[in-house]
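Work through the exercises below with the sequence and the coordinates open. Each task is followed by a solution in steps.

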Amino acid sequence: MNDRNRLSGRHRQSGVPTMSNTAAASGTASNSSLAILVGRVLLSILFILAGYSKLTDIAGTAGWFGSIGLPMPTVTTVVVGLVELLGGLAVLIGFQTRIAAIVLALFTLGATAVAHLDFSQAGNALMLQKNLGLTGGFLLLVALGAGAYSIDAKRG
């Protein structure tokens, strides 16, 4: 393609207008940032709600944690609730996203190992699969970051 055709935005052989690499990349970047935002929202909802639920029913959650043998069930409930709630909020707004995502990925794998590997319990196979999928989503956030629609992007 010669300079005149490149500047006019027309493909040399067909005369059809073409999109410049910059415009194509910009559209792709915008679509990627939107997809990352939607992914962050969807990933965070479960953790925000679960953390809030634990923190508003500490006694009930601590009772269940104690029944599965977790140490210091009340303290564990508060710590787990805070990790879920604050980690979920961080992912939602895109603040320190890579750190929050790795914490939640490791937390999810740990929770799976502690509470969801007894396949004689109804639903644990599904919980394992769900948690592996969530972990995959968090690892993508670790790799890609929060995208343009985030506090991380605004902070540079």
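**Exercise 1. The nonpolar patch**

Which residues make the nonpolar surface patch of about 610 Å²? Work on the coordinates as a predicted model.

Solution. 
Step 1. The patch consists of Ile 99, Ile 102, Val 103, Leu 106, Leu 109, Leu 132 and Leu 139.
Step 2. The largest share, 5 residues, comes from α5.
Step 3. Take one member as a check. Leu 106 lies in helix α5. Its relative accessible area is 57%, and exposed means over 50%, so Leu 106 is exposed.

**Exercise 2. The overall layout**

State how many helices and strands the protein has, and what percentage of its residues is buried.

Solution. 
Step 1. The count is 7 helices and 0 strands.
Step 2. Read from the N terminus, the order of elements is therefore written α-α-α-α-α-α-α.
Step 3. The protein has 156 residues, and buried residues make up 28% of them.

**Exercise 3. The faces of α3**

Which residues of helix α3 (residues 58-67) are buried, and how are they arranged around the helix axis?

Solution. 
Step 1. The buried residues of α3 are Thr 61, Ala 62 and Phe 65.
Step 2. Viewed down the axis of α3, these buried residues fall within an arc of 100 degrees, so they line one face of the helix.
Step 3. The background is helix geometry: with 3.6 residues a turn in an α-helix, residues three or four places apart point the same way.
Step 4. Turn to the other side of α3, where Ala 59 and Ser 67 are exposed.
Step 5. Continue past the end of the helix. Just after α3, Gly 69 has a positive phi of about 90 degrees.

**Exercise 4. The salt bridge**

Which residue forms a salt bridge with Lys 54, and how far apart are the closest N and O atoms?

Solution. 
Step 1. The structure holds 1 salt bridge.
Step 2. The partner of Lys 54 is Glu 84, with the closest N and O atoms 3.0 Å apart.
Step 3. The pair links distant parts of the chain, since Glu 84 is in helix α4 and Lys 54 is in helix α2, 30 residues apart.
Step 4. Check the accessibility of both partners against the cut-off for buried, which is under 20%. Glu 84 has a relative accessible area of 7%, so Glu 84 is buried. Lys 54 is at 17%, so Lys 54 counts as buried too.

**Exercise 5. The largest pocket**

What is the volume of the largest pocket, and which of its lining residues lie nearest its centre?

Solution. 
Step 1. The volume is about 450 Å³.
Step 2. The lining has 23 residues, and Lys 54, Glu 84, Phe 107, Ala 111 and His 116 lie nearest the centre.
Step 3. Compare with the previous exercise: Lys 54 and Glu 84 form a salt bridge.
Step 4. By element, α2 (21-56), α3, α4 (73-93), α5 and α6 each supply at least two lining residues.
Step 5. The largest share of the lining, 6 residues, comes from α5.

**Exercise 6. Two C-alpha pairs**

How far apart in space are the C-alpha atoms of Ser 33 and Gly 145, and those of Val 83 and Gly 51?

Solution. 
Step 1. Ser 33 and Gly 145 are 112 residues apart in sequence, and their C-alpha atoms are 9.7 Å apart.
Step 2. Ser 33 is found in helix α2. At 10% relative accessibility, Ser 33 counts as buried.
Step 3. Val 83 and Gly 51 are 32 residues apart along the chain, and their C-alpha atoms are separated by 7.3 Å.
Step 4. Val 83 is found in helix α4. With a relative accessible area of 26%, Val 83 is partly exposed.

Definitions and conventions: Residues are numbered from 1 along each chain as its sequence is written. This is a predicted model: local features need pLDDT of at least 70, side-chain atom pairs count only at pLDDT 80 or more; totals for chains, interfaces and linings use all residues. Side-chain values use heavy atoms; hydrogens and water are left out. Buried means under 20% relative accessible area, exposed over 50%, partly exposed in between (1.4 Å probe, protein chains only). Helices (H or I, at least four residues) and strands (E, at least two) are DSSP runs, numbered from the N terminus. The arc is that of the directions from the helix axis to the C-beta atoms. Patches are made of residues with over 30% relative accessible area and no salt bridge: like charges are joined within 9 Å, nonpolar side chains (Val, Leu, Ile, Met, Phe, Trp, Tyr) within 5 Å. Accessible areas come from the Shrake-Rupley method with a 1.4 Å probe; for residues, only the protein chains shown count as cover. A salt bridge is a side-chain nitrogen of Lys or Arg within 4 Å of a carboxyl oxygen of Asp or Glu. On a 1 Å grid over the protein atoms alone, a cavity is a set of points where a 1.4 Å probe fits but cannot get out, and a pocket is an open set with protein on both sides within 12 Å along at least five of seven lines; lining residues have an atom within 4 Å of a point. Grid points are joined across faces, edges and corners, and a volume is the space filled by probe spheres set on the points.
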